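The sequence and structure come first, and the description follows.

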Amino acid sequence: MAQSTEAVPELLEARIRGLQHALAQLLEHARRLTQGEHQRAVQLHRQLQEQTAIARRESRAQVDAVTNEALAVAQPRARVLAHQLAPGLASIPPNDARWTSEQFVGRGVEPYVRIGEVGDHVPVAVPLLRTNGWKVTADRNEAARRLLQSTALRLVAAAEPFRLRIDAFDPKLTGTMGLLGHLTTKYPQLVPRATHTAEQLHAVLSGLVDVSSMRASRQAQLGHKRFEDLIRETGRVTDPYRVVVLFDYPSGIDQLAQRDLLRLAATAGERGICFLVHHDPSAQAESDVDTKQLLELLDAVVITGEKVEAATLPGVHAKLDEAFDANLAARVGDVVAEKAEIAVLPTIDFKRTLPERDTWWEPVTDEIGTVIGYDDRTPALVRLRSGNPALPHVLVGGAVGQGKSNLLLVLIHGLAARYDPADLEMYLLDFKHGVEFSALGPAGEREHWLPHVRVLGIHSDRAFGLAVLRHLSDELARRSEIFKSHGNVADIAELAPGPDRPPRILVVLDEFQVLLEDDDELADEAAKLLERLVRLGRAYGVHVVLATQTIEGVKRLSTRRDSIFGQVPYRIALKTTPADSQAILRSGNTAAAALQFRGEAVLNANFGSPDDNQHVLVSFADKPQLDDLRRELWTRAGTAARPPRVFHLAEPARLADTAAAVKPELGRPWTGLPIAVTEEPVQLDVRPEAGAGLAILGDGPADALGVLTGLALSVAGAAVEPPRFVFLDGTDSLPSVAEGKDALVQALRLLGCDVETVDKHDDIGPRIFALRDALRNGQLGGSTYLLGFGLHSVPRMQLHVEGAFESPAHALQDIVRDGPAQGLVTFGWWNRLRVCTEQLGFHNGNLETFLFLRHPIDGVRTVCGSFVRWASEPHRALLWDGLHPEAQVVVPFAALRSDEVERVVELMRR
Ligand SMILES: Nc1ncnc2c1ncn2[C@@H]1O[C@H](COP(=O)(O)OP(=O)(O)OP(=O)(O)O)[C@@H](O)[C@H]1O
């Protein structure tokens, strides 16, 4: 006995040395860590403990020192090994200070994850992310839930921003995932709120089936068996690991869910999908759900009391970790959210999607196409063509801020670089934001614009949208005549290039649903025209891009959806809700809801059929870069670059633009621009007979001065002999319009006109009398225009002057009535119809043409008829000339700025 006791220390020492040697060897191979090695390490540790226990039994006192020494060496090494296997947050115990460290959060997910510990804080980590997942059973359900909860937190905290997403199903409403609720609130795309019903689960699983099938085909294409290899090769960081947590399985699982679960779980590990299933054997499965089928695909983790054992590491009974503290978890969530906020978006430079310069503006053959981004390393093409296959139009959708404007700019500029403006014209209308397209047109200091653009609707209104659709509808008719004259060709692709072949047209309608959303006649007509445009546009080379933030819930669309979208095979969906994903792509195709980054998109050229989803990263068009490109294209176009018709809801028309495009005609002065695709202004007929002239009525001195400016300068520009102008300023030289007034006077003078301004109220009456007397006495000579600016503000207009039996208003009536026959025409502004008629008399006003600015509707109806509708918006006017059956909406010109004078004069003189 004594002998054996003495032999024990040597024996033990030898054993321990052997174990240490084995540990050292393992450390040498630490870089090539495998499950087996880790398992061995932990087993060695266990053996060490067992042997130590034996030794202890045999000779407790003598052995203790040696044992402790051995353990002191072996345990840290085992710890190191475990940390190498599951670095950082994959193995740090719960509630450790390092959990909120920026250094650890977001460092990257590991294939191994801690389930508990053995000995003196030696973590036990088992494989998870590259496997199909775990089935966790426990003698108490609460313990299993706790493990899944901790594991979920571990994964999401360790993952690089946006590289892992967790969907949980909690049919018994245990609220276990509430621990991550903080993150759910801030980044629902990382940890969406747990679902509870079968329907919700179906939606999640069917989205995952799409993800899995997309990954399968990309992996097959590139020859990668594993998701990790695919990510490594493509460098794509937009495709996250997908973790599915199911609590209390098989509760709440129906046949449909089970079918998808089985499909997914069979290949989950290879596709970057992972299941964490808490199996509750006491839960009753639905009759057609065979739980075994799913459970067989997963690795078992069994919890007994406070011990946990994984099938992948048999025989190691680790102590189950305690639960995470809720406050700590919330702080971890904050750090994850902060990291997500500053995460660098993967960006593809727009330049990468442009072809070599020497291939720009090559002739159009049978299609126009461009690259919008990349699908892995393959350029993502959008090809607009009439046939073989027919890919004429595009529907683009995505939630606010997900990169829709950028995508449209990439598409527009990509096409502009590839095709000559003579071969491709663009009609670009934005019904909401306005700002994105404004850089594409001409503007003050910037002389260049995108030479392809014919019509630019910056912040368009529905009326202008309708006008554009009408114009395009006429264009279809015009093209049909061309086709007929070329032997009845049926398709633009059959027309040989040449002067007779009309250019392709790209129509971009951003937020097109605005056109259709009111329940009115305009929406009805717009829907009909749009339907016609997409139906007939294909053959005629008119390609429509319909873009929207949301199309779910647009009433008018529900009845027309098929007839419009049925003609639109291309679908591009940026990140959006499952409902909108399906509305844009196709019912059942929720792939766009699973996207994570701005600029990520699902591109589909087959009416949204899920099998044809392409996952694309749209290139990013930096604003200065686009501007350089436009300047280059504009220079390339040279004199062929005609400025587009620009329409801006919130702005008046620009006289310089109109003067650049149109020459004024004698007797046909300009009131403003129509709401139509034309540069032709709305003109008045001014004949030398009673009734000629114009009463401008309503609020807004700037708009009123703009109208007077358009009228006066177009009169002066068209005249052979420069006319005379008498400008009566009833506003007492209102400062807000001083610049415009001076600029008008200056411009008229530069055009050779004699301009007299009467600014003081006291002088206005006498000047009216003098003018009337000259008229009576036939002393006027030449044509004269009386510009009455703010006549409502002139005091005592209706009071008889001393020593006479008439008022200035009486004299004005004579001028208005008798003036035109002698070449004296009045253009006057009053703020109300009532004041105008008081001054001019109700029945012998003799002005027959009225232009309403902001004015109460009853006055408008007195003149234009009781059915007229008038919204009185800024920079809009309603013209009534008594000749046309309906009043016409006009966009008044802006008053001139002083720096515009010379240019306008020069243009008017041409
Ligand atoms: N493809 C992309 N790559 C990188 N960043 C992008 C990409 N697309 C958009 N972004 C970023 O997202 C921001 C929003 O994009 P964009 O304005 O195009 O979104 P949107 O959907 O049109 O937004 P909104 O609905 O507000 O008009 C851009 O300023 C840009 O920084």
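## The ligand shell

Helix H10 gives the largest share of the shell around the ligand, with 3 residues. The model is a predicted one. In total, 16 residues surround the ligand, and Gly403, Ser405, Asn406, Gly599 and Phe620 are the closest. Two or more residues of the shell come from each of helix H10 (404-418) and strand S20 (614-620). Sorted by class, the shell around the ligand holds 10 polar, 4 nonpolar and 2 charged residues.

## Helices H5 and H7

Two packed helices are described by the angle between their axes and the distance between the axes. For helix H5 (residues 198-222) and helix H7 (residues 255-267), the axes come within 9 Å and cross at roughly 30 degrees. Because angles under 35 degrees count as roughly parallel, H5 is roughly parallel to H7. Their crossing is left-handed.

On the H5 side, the residues that meet H7 include Leu201, Leu205, Leu208 and Val209. On the H7 side, Leu256, Leu261 and Leu264 are among them.

## The whole chain

The chain contains 25 helices and 31 strands. Its radius of gyration is 39 Å, well over the 29 Å that the globule rule gives for 910 residues, so the chain is more spread out than a compact globule. The C-alpha trace spans about 150 × 70 × 55 Å along its principal axes.

Note on methods: Residues are numbered from 1 along each chain as its sequence is written. This is a predicted model: local features need pLDDT of at least 70, side-chain atom pairs count only at pLDDT 80 or more; totals for chains, interfaces and linings use all residues. A residue is near a molecule or strand if its C-beta atom, placed from the backbone, lies within 6 Å of it. Helices (H or I, at least four residues) and strands (E, at least two) are DSSP runs, numbered from the N terminus. Ala, Val, Leu, Ile, Met, Phe, Trp, Tyr, Cys and Pro count as nonpolar, Asp, Glu, Lys and Arg as charged, and the others, Gly among them, as polar. Axes are lines fitted to C-alpha atoms, for helices over the stretch in contact, and angles run from 0 to 180 degrees between N-to-C directions. Angles under 35 degrees count as roughly parallel, over 145 as roughly antiparallel, 65 to 115 as roughly perpendicular and the rest as oblique. A crossing is left-handed if the near helix is turned anticlockwise from the far one by less than a right angle, and right-handed if clockwise. Two residues are in contact if their C-beta atoms, placed from the backbone, lie within 7 Å. The radius of gyration is taken over C-alpha atoms; the globule rule is 2.2 Å times the number of residues to the power 0.38.
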